[in-house]
Amino acid sequence: MSRLLDNMNPQQREGVLSVDGPVLLLAGAGSGKTRVITHRIAYLIEERGVAPDSILAVTFTNKAAKEMGERVDHLIGHSSLARPLISTFHSLCVRVLRRDIEALRVNGVGLTKSFAIYDETDQQAIVKTALKRLGFDDKQLKPRVALGRISWAKNHMIDPQEYFLASTNPLEERIAHIFKIYRDELAKNNAMDFDDLLLETVRLLKTSKETREKYQKRYRYLLIDEYQDTNRPQYELMRLLSGEHGNVCVVGDEDQSIYSWRGADIKNILDFEKDFSDTKIIRLEQNYRSTQVILEGAGSVVRNNTQRKGKELFTTREGGSLIGFYEAPDGENEALFVADRIQTYIREVTSAGETPKCAVLYRTNAQSRLVEESLRRYNIQYHMVGGFSFYDRAEVKDMLSYLKLVQNPHDSIALNRVVNSPPRGIGKTTMETLERIALTTGMSSWDAIERVAAEQLLPARAITALTGFRRLILDARAMLGPGFGDALAADAGLTTEEPTAEFVGEEENASASDANEDTSFDTSFNFGFDFGPSEERSTIAPENSQIEDADTSFDFSFEPTTPAAPEEAPQPSVAFNPFEASNNAAQKRSSSDKFAELRAMAAPVVDSTAPLATSARIDGFRAPGDPATLPELIKFLNDRSGYLKILEAEGTPEAFSRMENLKELANAAQDAQERGETLSDFLDHAALVSDADGINMDARVTLMTLHAAKGLEFPLVFLCGMEEGLFPSSRTMQDPAGLEEERRLCYVGMTRAMDTLVMTRARYRRRYGSDMPDATVASRFLEEVPSRLVEDLGSPADRPSFRADTGYGGYGGAYGKKWPRKGGDDFGGERHYSYEDEDQSGAAPPPKPKSNFGLQFGASKKAVATGAKPDSIDNIASFFGGGGKFSRPKMDIPEANGATQLARGSRVRHPKYGDGVVAQREGDGPDAKLTVQFTKHGVKKLVEKFAQLEKL
């Protein structure tokens, strides 16, 4: 036992040893919770003698589950063949449903084990169909918006009827109707979305007592990680699995609950001891990541929240550098400051022989543009989290849709995506006819194709294209069965007795160049084109083709290969070299060529993990007659569909890059094959991949949103855009619960920093493409940081007031307040960053002369000589009026009739700008100036007596 408890603090040891009954581990940021979870699992197995496969640990990302599993394997070694199940919520649900979902079927109606998992693109396709069917304009109601509301309803376990009854306006009623069609279409397609994976698992365990008891008996010990992020279905799932034994350990931090927008309910962790009596609460408060300065600053911010149980984090890393703050004049200057600091950091760390690693965090993805441009100007490479993943690229999604059809031909969404991709003469009119038949008869689009062909309901060329597509899918499905070579040959109408002499004769008559022509795909060549993630929309999809119901025929046959001796059972070549001349595409082959290829495909490499059936099997190869492997299936679809031929004929660098993506998909299938995965497992993996799984922890500079940064750590962290309306978001200004979540998000961002934390803001920021930037107000979170913890990194003199240690000040209540600062001892000595003075050489920057920031547009010498203010009416008159006489215009000054003595935090209403909150008050009396954050119009500065504000 001592080995498992070595180097643990008392609270961590208690978390490992307390394994009976319900336990709530309140784990602060960087407190080593993963270590506690993994050692707890190892303790159950090694010291308590618990069977490994009776332990279930659930987390939220594949990356976290994989890391946890590797740590457990390292701790317990190979003491048992059984392993605990460490999984994400969705992967667990897929596992349960693949085995037992048919327990929900009634009279043969319901989902089957071969159900498909729809991603966001597939879901939007159904919503678009529903909008069209109901006659709604998708410009007025965006499919993404409707999907968001549907997902919200599912996360709160509300069905379409309940949603309709609770609707309060016509828009919600429309969404209720869309919700109903959406659910029905999923059922008809034997498909589920991600929310359904949770809901159907909960329904299965609630409905089937036998299934529920089976899983309760199997999993005697439950561990739930990141419990503060669970939604209601996940909470219900945990309750159903816990059973009577009650051995449930949940690990979480209420101060890091930041996902309410996707259904997470902070009450799950706040009320855990109410749901489970005799709950033992253990607080992990020792932080092993950040310095004491960073922890104090972050704790001071989150302490202003009311929805929390309370923790006081501490660390043995006393002291540390102060929290840096930089106030830029505008967003461009802020980004250049970040890039300059990163360049200096990389230079210093690299010269010390260490590996630099830093992160730039922001509230929204839109903020990344300026940072990216600045990093490029400094020639700093970076990794950005949140772009298209590999499985979201158009050509990959197309091939995955083909595979979905092979698994489930009744998947109408997958069929609609690829039925004319690449173009095969199936246009909009044909698809509308199929959809109408499917809608009126209740059958799937796949069955509608068969009926159309049987009853000749479409023109001959359209029927030919549809039946060709259907035959492609049927042939691919046949490859998953034994003896598929004979099956394909029989389908092609070929005899099993081939005249070898005729075959050889054809080869003898072929030209020498044709006989020696290499038709294999050169897999060793790397095209080397990197265009970033391609758009989700396929460039060869029907909507991008100018052909509508045209007779577009393709030669879907394989190119001929040089025949080998009969006893060698040659492996066919089913790809091509994209740089080879394509004149062989027009060559026709005899049926004997095709038969030889089909016969040969029965014996290429296959899953070596299958047991040897006969002596003819060689390790690493599959015996003749075995089903095709996943890579073979993908290669077959790539070639038979004509997808690769279209890309090759396009001949552009982008097309070659997309061909590389399709090759990489086959490589991924090969990896899956070696892991023993089936087609269903492979599609499940592709559907469950998330952005967090693609984070490159080896990158020097990482750009990501604050939400994506959760669970990560970096020696240097920049928090950008610390402004009211941006962070915290303007959508939460009048929502106390939302504002508290924004504060928790700030806490998460601050505690990502290990050694150095820098917070920045811009005094002016361009919004919504406006010509002139708008003035901003410093974020209230800056004010909540004690001033003794903050170091000015060269900000202008006017700055937000950081909170003093003895109380909470108002916004800007101490403007002009001095802190310790770097980069200059006064306003004139600071350094400002612009494209004219940026350092792109990589060498140490030369000293810059002191200069005041702030351009005086049109300030004439006369104005300076007379001492007139640059923005005074006299100076403006001098500039525009020249030497002539300038008369001031007469204006009717409106009478002051608004509310007065409005304090910071007052809720007000303006006749033009609507509702808002007073963020700052400057001065007293009738001339006091107010800075108001309006919900729909941003920040406005108003003179109180003329503002016509109504106090709410």
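A crossing of two helices is called left-handed if the near helix is turned anticlockwise from the far one by less than a right angle, and right-handed if it is turned clockwise. Keep that in mind for the helix pairs below.

This is a predicted model, in which local features need pLDDT of at least 70 and side-chain atom pairs count only at pLDDT 80 or more, while totals for chains, interfaces and linings use all residues. Residues are numbered from 1 along each chain as its sequence is written, and side-chain values use heavy atoms, with hydrogens and water left out.

## The chain as a whole

The secondary structure comes to 34 helices and 21 strands. Here helices (H or I, at least four residues) and strands (E, at least two) are DSSP runs, numbered from the N terminus. Of the 952 residues in the chain, 50% are buried. Buried means under 20% relative accessible area, exposed means over 50%, and partly exposed is in between, using a 1.4 Å probe and protein chains only. A contact means heavy atoms within 4.5 Å. Among contacts in the chain with a separation of 6 or more, 74% come from residues 24 or more positions apart.

## Helices that pack together

Two packed helices are described by the angle between their axes and the distance between the axes. The axes are lines fitted to C-alpha atoms, for helices over the stretch in contact, and the angles run from 0 to 180 degrees between N-to-C directions.

How far apart are the axes of helix α22 and helix α27? Helix α22 (residues 460-478) and helix α27 (residues 630-640) have axes 10 Å apart and pack at an angle of about 160°. That makes α22 roughly antiparallel to α27. By convention, angles under 35 degrees count as roughly parallel, over 145 as roughly antiparallel, 65 to 115 as roughly perpendicular and the rest as oblique. The crossing of α22 past α27 is right-handed. On the α22 side, the contact is made by Arg471, Leu472, Asp475 and Ala476, and on the α27 side by Leu633, Phe636, Leu637 and Arg640. By class, this contact of α22 with α27 has five nonpolar, no polar and three charged residues. For these classes, Ala, Val, Leu, Ile, Met, Phe, Trp, Tyr, Cys and Pro count as nonpolar, Asp, Glu, Lys and Arg as charged, and the others, Gly among them, as polar.

Now look at helix α20 (residues 428-441) and helix α21 (residues 445-455), which pack at an angle of about 105° with their axes 9 Å apart. These two helices, α20 and α21, are therefore roughly perpendicular to each other. Their contact is made by Leu434, Ile437, Ala438 and Thr441 of α20, together with Ser445, Ala448, Ile449, Arg451 and Val452 of α21. The classes in the contact of α20 with α21 are six nonpolar, two polar and one charged.

## Salt bridges

How many salt bridges does the structure hold? There are 51 salt bridges. A salt bridge is a side-chain nitrogen of Lys or Arg within 4 Å of a carboxyl oxygen of Asp or Glu. Here are three of them.

| Salt bridge | Distance, N to O |
|---|---|
| Lys180 and Asp184 | 2.6 Å |
| Arg417 and Asp398 | 2.7 Å |
| Glu723 and Arg765 | 2.5 Å |

Glu723 lies in the loop between β13 (714-719) and α31 (736-750) and Arg765 in strand β14 (residues 753-765), so the pair ties together parts that are 42 residues apart in sequence. Glu723 is buried at 0% relative accessibility, and Arg765 is buried at 11%. Lys180 and Asp184, in contrast, both lie in helix α9 (residues 170-188), four residues apart, about one turn of the helix. Lys180 is partly exposed at 38% relative accessible area, and so is Asp184 at 35%.

Most residues other than glycine have a negative phi, and most peptide bonds are trans. A cis peptide bond joins Ser421 and Pro422, with omega about 5°, and Pro422 lies in the loop between α19 and α20. Another cis peptide bond joins Phe727 and Pro728, with omega about 10°.

Asn190 is not a glycine, yet it has a positive phi of about 55°. Asn190 sits in the loop between α9 and β5 (191-192) and is buried, at 11% relative accessibility.
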